[in-house]
Amino acid sequence: MQLLSAYLKHHNTDTELVELIETLMVACKEIALQLREGALAGIHGTTDNTNVQGETQKKLDIISNDILKEVLLDNPLVRGVASEEEDDPVFGNPNGRFLVTFDPLDGSSNIDINVSVGTIFSILEVPEGDAADSVELFLQPGRRQVAAGYVLYGPSAVLSLTTGEGVNMFTLAHTGDFLLTREDVKIPNSTKEFAINMSNHRFWEPAMRNYVGDLLSGSEGPREKNYNMRWIASMVAEVHRVLTRGGIFTYPWDSRDPQKPGKLRLMYEGNPMSMLVEQAGGRSTTCYSDILDVDPQHIHQRVAVALGSSEEVETLMRYHRETPSVIQQ
Ligand code: AFP
């Protein structure tokens, strides 16, 4: 089985980008170890701190954030990092070539119940010109990403990675190496599996209620086939299922906070997952347009997400085109 770095070099991936990805994996291996220790190391549970999202930080949110920040900023290739757990970007080598955004531990509300969580990352290049250290450097549309991926900490630790030439998966071996286990991953165009937090049904747009209603009507309804449902409450685990066997995952706009376009974060959830899904032949949208074309206005911006099997996502978008919207005035 091929080592991660050997595979990337063999496919002529930029050598500095390979080095940066290897640096990210050093941090993710340490996080995998911490997670495995879990309650034994007394690192389950919450802290008294609240992050910029207004969420209570878990002990492991902070531990994984500190590991990633330290390891990345130690690498002179890194100009700056932005994290779900940091109010503002943190800068390193002023001559660094890359910017990294990350969700250090996605799905952290699942840690204490021992359900899969993950680290999601997105890599951008510093725009041309000698701009000073500022958040503006990061505010680039998702199409500008040079690489994106996640490490899923589940029964095994699996890296899903794209550098813009398809998606490959690497599994963490007991030797500490990430070894190639799935090459050129493709998402099936159609599916019978959907994932949405049904408890938010009354807050959705009419289009989303109609779309999900017809899924639930199954073979007796206009979709003429039966659908099954999943909800893990870890986007990284949901997207891994979609990459592995197809499906549609959505966290749409809802009226609980009408000013917010959605719950999930554009720069370190929406964009990296969208690059992976599109590179695997799927679609990733706001329900109205492609997420990778969204022009970011701030680093913790939220976005509505509907991604997965292309035919199913296009059907969801058709429902949104054909039903009057309460947000798309
Ligand atoms: P946490 O990281 O706070 O657990 O949130 C996870 C998440 O951002 C995403 O991974 C899930 O898909 C989604 O939120 C779950 O949201 P609900 O708790 O509303 O189902």
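## Terms and basis

Two strands are taken as paired if DSSP finds at least two bridges between them. Helices (H or I, at least four residues) and strands (E, at least two) are DSSP runs, numbered from the N terminus.

This is a predicted model, in which local features need pLDDT of at least 70 and side-chain atom pairs count only at pLDDT 80 or more, while totals for chains, interfaces and linings use all residues. Residues are numbered from 1 along each chain as its sequence is written, and side-chain values use heavy atoms, with hydrogens and water left out.

## The sheet

Eight strands form an open sheet with mixed pairing, in the order E4-E3-E5-E6-E7-E8-E9-E10. Its edge strands, E4 (90-91) and E10 (178-182), each pair on one side only. Strand E7 (residues 147-153) pairs with strand E8 (residues 157-162) in the antiparallel sense over six bridges. Within this structure, Tyr 153 has Ala 157 in E8 as its bridge partner.

## Helices on the sheet

Helix H2 (residues 15-37) packs on the sheet and touches strands including E3 (78-83), E5 (98-106) and E6 (117-125); contact means heavy atoms within 4.5 Å. The direction of H2 makes about 160° with that of E6. Such axes are lines fitted to C-alpha atoms, for helices over the stretch in contact, and angles run from 0 to 180 degrees between N-to-C directions. Helix H5 (residues 235-245) also packs on the sheet, touching E5, E6, E7, E8, E9 and E10, and its direction makes about 105° with that of E7.

Leu 24 belongs to helix H2. Leu 24 counts as buried because its relative accessibility is 0%, where buried means under 20% relative accessible area, exposed over 50%, and partly exposed in between (1.4 Å probe, protein chains only). Apart from neighbours within four places in sequence, Leu 24 is in contact with Leu 68, Leu 72, Val 100, Phe 121 and Ile 123.

## Aromatic pairs

Rings of Phe, Tyr and Trp (its six-membered ring) pair if their centres lie within 6.5 Å; planes under 30 degrees apart count as stacked, over 60 as edge-to-face and the rest as tilted. The count comes to five aromatic pairs. Tyr 211 lies in helix H4 (residues 206-217) and Tyr 319 in helix H7 (residues 310-322), so the pair ties together parts 108 residues apart in sequence. Both Tyr 211 and Tyr 319 are buried.
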